[in-house]
Amino acid sequence: DRKRPNYQRLETWFRLYLRLVLGITLIQYAVVKFVPAQFPPPSLSTLLEPYGDSSPMHLLWTFMGASTIYTLFAGLAEMLGGVLLFIPRTTTLGALIALGAMSNVLMLNLGYDVPVKSWVFNLVLMSVVLLLPDLKRLADFFVFNRRIEPSPVRPLFRRQRLNQAALALQILFCVVLVAHDLYADHKFAANIAARSNAPLFGIWAVDEFTLDGRLHPPLVTDTERWQHVIIEASDLMSVQSMDGTLRPMVLKLDSENKSLSITRPNNWTWRAEFSYENPRPGLLLLKGQVDGRPVTATLRRVDESKFLLNSRGFRWISEDQFNR
C-alpha cells in the first residue's frame with residue numbers, strides 16, 4: 001500500500017468510532033449520577049462505621065453519595081461532553097470537556113484505589129487522540145493569541161445526503177441512549193430506594209441484651225453483646241458488636257409470622273432464629289437463640305437523619321469553619 005498518499009478516510013471513520021465509544025461511556029457515567037445509582041446516599045451501616053475501618057474506595061463512594069451537588073455537577077459535565085461528541089462540529093469542545101471530566105475521574109481512581117484505573121486512562125487517551133488534530137489551533141487560540149482558521153470538514157461520504165443521514169442517525173442514537181439509560185437506571189435506583197420500606201428498616205440500638213439467661217451490661221470489653229442491629233432490607237442486615245465491629249448478615253424476614261432468620265455469608269453453619277414484637281414505633285423486642293444459645297433483647301430505633309453527615313446540609317454562608 002505504498003502508493004496511498006494518506007489515510008484520511010480511515011482516520012475519519014476511526015474518529016467516528018472514538019467519538020461514539022467515548023460519548024456513550026460519558027453519557028452512561030452521567031446518567032448513573034443523576035438518578036443516583038452509582039453513588040447512593042450513605043448506607044445505614046456506613047453511618048456507624050469508623051473512618052479508619054473504611055477502604056479508600058468506600059470512603060470515595062461515601063463522600064460522593066453524601067455530596068449531591070458535586071455528584072450532579074460531575075454528571076452534568078460528563079453528559080455535556082458526551083452529547084457534544086455525537087455531533088461532528090462540536091467534537092473538539094466535547095473532547096475538551098471529556099478530557100477534564102475523565103482526568104478528574106482518573107485522579108480519584110488513582111487516589112482512592114478504584115479498580116478501573118486502566119479503563120479510565122483509556123478514556124483520557126481517547127479524548128487526547130480526538131484533540132490531536134486541533135492542538136496547534138488550540139495553542140494559537142489559548143496560548144499565543146493568534147487568529148485561527150476553521151478546521152477542515154472531513155465528511156464520511158462523498159454524497160451530501162449520506163452525510164446528512166449519518167448525522168441524523170448519530171443524534172437519534174444519542175437521544176435514544178439517554179432516554180434508555182435514564183429509564184433503566186431510574187428503575188434500578190427505585191429498587192434501592194424501596195429497601196427503606198422494608199419491615200423493621202433502620203438502625204436499632206440494643207438497650208438490653210440477655211444471653212444464656214444472664215443480663216449483659218453495655219461494656220466495650222464484652223465480645224458477645226450486641227451494640228446495634230442494622231436492617232438495610234428484608235434480606236440484608238448487620239450486627240455491630242460492642243467494640244464497633246460490623247458483621248454483615250444474611251436475613252430472612254417474615255413479617256406475617258414476625259420472625260427473623262439470620263445466617264453469616266461466610267459461615268452457613270452459624271444461625272440465629274428470633275421471634276419479634278413491635279409493640280410501638282421505635283421499640284423492638286427479640287426472643288430466640290443465637291447459635292443454639294437463648295437470647296432476648298430490647299432494641300430502640302435510632303433516627304438516622306440526626307447523624308451529622310445527614311443533618312448538616314448545604315449552607316451558602318457559614319460564620320465559622322465547621323470541620324469535625
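Hi everyone, let's start with Glu-11: at 30% relative accessibility, Glu-11 counts as partly exposed, because that value falls between the 20% limit for buried and the 50% limit for exposed. Please keep in mind that this is a predicted model.

Who is the partner of Glu-11? Glu-11 forms a salt bridge with Arg-154, and their closest N and O atoms are 2.9 Å apart. This pair connects distant parts of the chain: Glu-11 sits in helix α1, while Arg-154 is in the loop between α7 and α8, 143 residues apart. Arg-154 counts as partly exposed too, at 39% relative accessibility.

Let's stay with salt bridges for a moment. The count comes to eleven. One of them joins the side chains of Lys-117 and Asp-113, at 3.0 Å from N to O. Lys-117, with 24% relative accessibility, counts as partly exposed.

Now look at helix α7, which runs over residues 135-142. Here Asp-140 forms a salt bridge with Lys-136, with 3.1 Å between the closest N and O atoms. How far apart are Asp-140 and Lys-136 along helix α7? They are four residues apart, which is about one turn of the helix. An α-helix has 3.6 residues a turn, so residues three or four places apart point the same way. Is Asp-140 buried or exposed? Asp-140 is buried, because its relative accessibility is 7%, whereas Lys-136 counts as exposed at 61%. Shared partners then bring in Arg-146, so that salt bridges join Lys-136, Asp-140 and Arg-146 into one network.

Next, helix α4, residues 68-85. Several residues of α4 are buried, among them Thr-71, Ala-74, Glu-78, Met-79 and Leu-85. What do the buried residues of α4 pack against? Their neighbours are α1, α3, α5, α6 and α8.

What kinds of residues are they?

Key
Residues numbered from 1 in each chain as written. Predicted model: local features only at pLDDT ≥ 70, side-chain atom pairs only at ≥ 80, totals over all residues. Heavy atoms only, no water. Buried < 20%, exposed > 50% of the residue type's maximum accessible area, 1.4 Å probe, protein only. Helix = DSSP H or I, 4+ residues; strand = E, 2+ residues; numbered from the N terminus. Contact = heavy atoms within 4.5 Å. Salt bridge = Lys/Arg side-chain N within 4 Å of Asp/Glu carboxyl O.
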